[in-house]
Amino acid sequence: MHTTVTPTHCPYCSLQCGMNLVPAADGGVEVAERTGFPVNRGALCAKGRTAPALLSSAVRLTSPLVRRDGVLEPAGWDEALDRIAGALARARTARGADSVGVFGGGGLTNEKAYALGKFARVVLGTSQIDYNGRFCMSSAAAAGTRAFGLDRGLPFPLEDIPRTGCVILVGSNPAETMPPALRYFTELRENGGTLIVVDPRRTRTAEQADLHLAPRPGTDLALALGLLHLVVAEGRTDEEYIRERTSGWEEARAAAMAHWPEYVERITGVLVPQLREAVRMFCAPEAAMVLTARGPEQQSKGTDTVGAWINLTLATGRAGRPLSGYGCLTGQGNGQGGREHGQKADQLPGYRKLTDPAARRHVAGVWGVDPDSLPGPGRSAYELLDALGGDVRALLVMGSNPVVSAPRAAHVEERLRSLDFLAVADVVLSETARLADVVLPVTQWAEETGTTTSLEGRVLLRRRALSAPDGVRSDLEVLHGLAGRLGVEKGFPVDPEEVFEELRRASAGGPADYSGISYRRLAEGGGNEERAGDGAGVFWPCPAVEGAGGDGRPHPGTPRLFLERFATEDGRARFAAVSHRAAGEETDAEYPVLLTTGRVLAQYQSGAQTRRVAELNAAAPGVFVEMHPRLAERVGVVEGEEVAVVSRRGRVVVPVRVFGGIRVDTVFMPFHWAGAGRVNELTNPVLDPVSGMPEFKVCAVRVEVVR
């Protein structure tokens, strides 16, 4: 039985809340407060508190499964790995390396994400790898890189939020998606600061705002441009800052001035007096922030939309100054680290570009391969899923459930079924795993050691607290076993610390430089100068060089970015000259209502894990459609009555939830459920041309009574 207290982190969202695991009476573990960790100070939401429920063998996979005569049956590990290796090898021989695809996840540790990217490129030689994080933060990442030369979700710690003067929170509902973070906004207001929330719904977060702007879904870009227009018209720009620290202002200014307030009101539905009040509140204090999340990002113009919000911080002299700037509230548990170390279609470890010859030489040198042997960039996530059964004939999935989480989900399921071979490594028998030819049971957060990187860029150490059930192996063991069977005997260790040591070397000198971070340093507390608690982690970039004083101390890490210069070649931030354009799909007579999607408090992502926890299911038992009372009256339905929500791609039947805090022209549905409640059957897969982000947040639907 486990007999000690193990300090670790929650397996769910990007806060990576600190928790302690302590012995439970049944021989497992239970969660206890870890008050010294600075991000959550002991606070946890229901998901984190109940996370050990998934460690039970009753709700998880404990044996490999192979498909025999159409049925998944238990099998031994050798048979399962042999089948996978054989199928991948046959596909490569018959159709070439790019006939094999790999699909990863934003919940994988840094070590797993790194090893998975290396496996795809070195062992399989395929360019066809991407991950579900493409569906979460990719637009903000693209916009941040374009503006600042570097993408890190928050370029400052969360602790800065209560000390700023104003926050514009765009398309985020932390009261439900990351509850322990809500206190930062509560403390902001207690300290005299103001909170502006931009959301088509009056969410629990919006209820706490000083000002709530409720734009029509898909019009966040116009809203940001309208605010910038007013900043210019009212003489609120910081001309000295613009001159000394930015480029591209004239073009961006001209684009914004075409979006006068009355025009923006017609597009967004946000009244001109509200626009003016938002500008006044944002510009009045010395320091202010704009924070975005999935609302503006999950659009076919998400990169430009985030770019427009960044423009607002640049024009007012906020970015790269203390207690100010732009940040993205990353979603998944390792959504930040997962996009830094090689499982994205266009990246190498250290957030290096796959198209950069110097990056290829460096990483190939660490891997001991010829740089020319590394494939080029592949398809983005939805494009990869759409290609299944065509160019891509075999697929390995790790830690993702695209049958529920991908847009146009019925089509994606059809593509998965058309594969010659599908293998899935997961903790539970997800909807995607149910389609597989081979399913591998893998370890969970409490059964393995590894690192994650929070939304702040804070690299953290998760610690193993107990052994996995017999029959379960780690993802690193899976990749080691497959690599050996495919002829690569070395380079895929099963020890996570050994993998991390290689990751350090591969990331050295890159934008996301981890070379000055080690397991020992993380275990000892991190060593940050501003560390405020146990195991506080280290903020990247953290190169393996001495501190600025040359006194032999390790680099302290970088809690705050851009204070002296931006990460562009000339050190200047770049404005984006962008203009409003329509969503990929607008309403018409046949589909007169807009659908927007999101999360609820008690469930998480595709629900594959949280739907197996009784307490969470009791709190959020199923899908629903939320609509305004006037729309419900127009449709002819009342609370609890079933309706069909129909888009050009699918039809879902769900009960009605009537709510006066949503726009009359909009309905909201959470996307956590499968089967008849699979909301992503409705969503539009049209992609942002820069980030490859699908347009989850807006599509046209009609609502029909079901009698």
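Is Ser300 buried or exposed? Ser300 is buried, with a relative accessible area of 10%. Since the model you are looking at is a predicted one, everything below describes that prediction.

## Around Ser300

Let's stay with this serine for a moment. Ser300 sits in the loop that runs between helix H12 (294-297) and helix H13 (302-315). Leaving aside residues up to four places away in sequence, Ser300 touches Arg581, Ala583, Gly584, Val686, Leu687, Asp688, Pro689 and Glu695.

Ser300 and Pro180 are 120 residues apart along the chain, and 30 Å separates their C-alpha atoms.

## The whole protein

The protein contains 22 helices and 30 strands. Its radius of gyration is 24 Å, close to the 27 Å that the globule rule gives for 707 residues, so the protein is as compact as a globular protein of that length. Along its principal axes, the C-alpha trace spans about 75 × 70 × 55 Å.

How much of the protein counts as buried? Of the 707 residues, 65% do.

## Charges and salt bridges

The protein carries 79 positive and 85 negative side chains, and the centres of these two sets lie 1 Å apart. Side chains of opposite charge can pair when their charged atoms come close. In this structure there are 44 salt bridges.

One of them links Arg49 and Glu615, whose closest N and O atoms are 2.7 Å apart. Arg49 belongs to helix H1 (residues 46-49) and Glu615 to helix H21 (residues 614-619), so this pair ties together parts that are 566 residues apart in sequence. Arg49 is partly exposed, with a relative accessible area of 44%, and Glu615 is also partly exposed, at 41% relative accessibility.

Another salt bridge joins Arg134 to Asp130, with 2.9 Å between the closest N and O atoms. Are Arg134 and Asp130 buried or exposed? Both are buried. The bridge between Asp160 and Arg163 has its closest N and O atoms 2.9 Å apart. Asp160 counts as buried at 1% relative accessibility, whereas Arg163 counts as partly exposed at 48%. Elsewhere, salt bridges that share partners bring Arg68, Glu73, Glu79 and Arg83 together in one network.

## A closer look at helix H6

Helix H6 covers residues 182-190, and its buried residues are Leu182, Arg183, Tyr184, Phe185 and Leu188. An α-helix has 3.6 residues a turn, so residues three or four places apart point the same way.

What do the buried residues of H6 pack against? Their partners are strand E8 (166-170), helix H5 (174-177), strand E9 (194-198) and strand E12 (289-292). After H6 comes Gly192, which has a positive phi, near 100 degrees.

Most residues other than glycine have a negative phi, and most peptide bonds are trans.

Which peptide bond is cis, with omega near 0 degrees? The bond from Trp540 to Pro541 has that geometry. Pro541 is placed in the loop between strand E21 (538-539) and strand E22 (573-574). The loop between E21 and E22 also holds Phe562, a residue other than glycine with a positive phi, near 70 degrees. Phe562 is buried, with a relative accessible area of 11%.

Asp69 also has a positive phi without being glycine, with a value near 55 degrees. You can find Asp69 in the loop between strand E4 (65-68) and strand E5 (71-74). With 83% relative accessibility, Asp69 counts as exposed.

Methods: Residues are numbered from 1 along each chain as its sequence is written. This is a predicted model: local features need pLDDT of at least 70, side-chain atom pairs count only at pLDDT 80 or more; totals for chains, interfaces and linings use all residues. Side-chain values use heavy atoms; hydrogens and water are left out. Helices (H or I, at least four residues) and strands (E, at least two) are DSSP runs, numbered from the N terminus. Buried means under 20% relative accessible area, exposed over 50%, partly exposed in between (1.4 Å probe, protein chains only). Contact means heavy atoms within 4.5 Å. The radius of gyration is taken over C-alpha atoms; the globule rule is 2.2 Å times the number of residues to the power 0.38. Lys and Arg count as positive and Asp and Glu as negative; His and the chain ends are not counted. The place of a charge is taken as NZ of Lys, CZ of Arg, CG of Asp or CD of Glu. A salt bridge is a side-chain nitrogen of Lys or Arg within 4 Å of a carboxyl oxygen of Asp or Glu.
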